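Hello,

Here is the model we talked about handing over. Please load it, then read the notes below it.

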Amino acid sequence: MVVLALTTLISIQDAASDFGFRIVKGGWKYGKKVLVFHPPDSSYTVGSKKFRLYRFAIREKKLYIHPDEAASAAYWLSGKGWFYDRDRGRFFSRKPTVKRLVLKEFPDSVVLSLEGRGFQPSLIRNDTSLVSLHIRGAFYPKYSYIRGDGNILRTVEISHTSEGMVLDLRRGKGFGFFHVQETRNGLRIVLFRGLLGGVVVLDPGHGGKDPGAVANGLREKDITLSVARKVRHILEKEYGLRVVMTRDDDRFISLARRSEIAKENRTLVFVSIHCNYSRNRKARGPETYFLSTARTSHERAVELLENSVIKYEMEGRKDDIEYIVSDMLQNAFMKESQKLALSVHRHLARGRSDRGVRQAGFYVLRKIYAPSILVELGYLSNKKEARLLSSKTYQWELARRIARGISEYLQEYVRR
Ligand SMILES: [Zn+2]
């Protein structure tokens with residue numbers, strides 16, 4: 001039994017008059033049907049059907065229940081969709097739009113599916129205890145309180161506004177991240193098992209005195225920051241992941257500092273974002289790299305280009321490629337990095353000229369003890385691609401693809 005402050009509860013007498021029900025001993029009557037509350041065993045019955053009552057209190061022999069539970073009880077008694085508008089503090093009746101709501105538990109996830117049409121989900125809160133989603137167009141009268149598996153999900157509280165339902169998902173200890181997917185039948189909210197407070201580190205390449213590649217009126221540092229911000233937005237809002245950026249404005253950050261940021265956090269993956277440049281003006285298309293030995297002359301060229309940032313660094317260290325290679329061979333994350341690269345590249349390259357997953361010895365990935373990749377969004381040296389890269393629509397498209405690849409990798413990762 002959850003004892004709540006009386007102000008959040010409503011007496012069953014007051015509720016009955018709002019619903020137009022008659023009061024009978026210990027319950028409600030509608031037509032010939034009777035609903036009886038049994039607070040001692042936290043339940044109520046409608047005929048032979050028994051339902052759980054979660055949030056109620058008894059004061060001076062009067063029973064008070066949560067308005068959302070009152071609305072559900074009213075549905076079971078009358079068969080009509082009753083809802084409590086939490087903004088206006090009153091009940092309203094309308095046709096339910098969620099045909100079914102199913103909670104399924106798996107070892108690595110909990111899946112909440114809503115069947116119906118025209119649902120528009122948006123995230124209204126995501127913190128250490130609670131994820132709140134507002135789903136416009138969704139009205140579900142049957143239950144307002146559902147117990148989860150206890151590990152990933154404690155409870156689901158369903159409330160309504162006049163526009164749709166609010167799902168409050170109380171996080172369990174094992175809750176990692178979530179994904180809201182639109183399906184043919186409605187919506188599916190997948191809550192994945194924990195990543196132990198891990199974060200995705202996004203690293204917009206270059207910045208400040210280091211512009212990166214400059215061509216066709218564009219500077220690499222601007223494009224990488226703009227796309228990284230969009231990736232962050234999507235990862236946070238659509239997947240509920242925590243994101244840390246190595247820079248969030250136009251400033252110079254040394255390569256050493258970038259890997260320090262990865263070390264200071266529980267980094268799940270590290271994704272460095274760049275744009276490419278080639279003397280061959282025809283070269284185009286995204287490429288995805290993980291840390292390894294550069295095998296081809298092209299990989300070598302990109303490696304030299306991205307490592308050239310060293311010239312901006314005060315220390316002016318002159319590590320040569322051989323050193324990078326020996327260091328990186330000890331990198332236990334090479335296999336994972338390759339998997340991450342494949343997962344991201346599969347989405348990034350879909351429907352465009354595919355330059356493949358590649359390997360090279362980037363300084364920025366070297367000291368990162370987590371799966372890490374470097375994404376080349378495209379070639380600034382290619383006139384057509386430069387124009388694309390400068391467009392916000394295309395940047396959102398790239399960001400969406402990168403975010404999807406990262407989340408799919410993490411979904412695989414929690415399954416292992
Ligand atoms: Zn770069």
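The zinc ion is coordinated at 2.0 to 2.6 Å by His 206 (NE2), Glu 220 (OE), His 274 (ND1), Glu 306 (OE) and Glu 306 (OE). Donors here are N, O and S atoms within 2.8 Å of the metal (3.2 Å for Na, K and Ca); water is not among the atoms, so sites may look incomplete. Along the chain, the donors follow the spacing H-x13-E-x53-H-x31-E. His 274 sits in strand β24 and Glu 306 in helix α5 (residues 297-307), 32 residues apart, so the pair links distant parts of the chain. Both His 274 and Glu 306 are buried (under 20% relative accessible area, with exposed over 50% and partly exposed in between; 1.4 Å probe, protein chains only).

This is a predicted model: local features need pLDDT of at least 70, side-chain atom pairs count only at pLDDT 80 or more, and totals for chains, interfaces and linings use all residues. Residues are numbered from 1 along each chain as its sequence is written, and side-chain values use heavy atoms, with hydrogens and water left out.

Now the sheet. Six strands form an open sheet with mixed pairing, in the order β23-β20-β24-β27-β25-β26. Its edge strands, β23 (242-245) and β26 (357-360), each pair on one side only. Helices (H or I, at least four residues) and strands (E, at least two) are DSSP runs, numbered from the N terminus; two strands pair if DSSP finds at least two bridges between them. Strands β25 (residues 287-291) and β27 (residues 372-379) run antiparallel, joined by four bridges. Tyr 289 has Leu 374 in β27 as its bridge partner.

Best wishes
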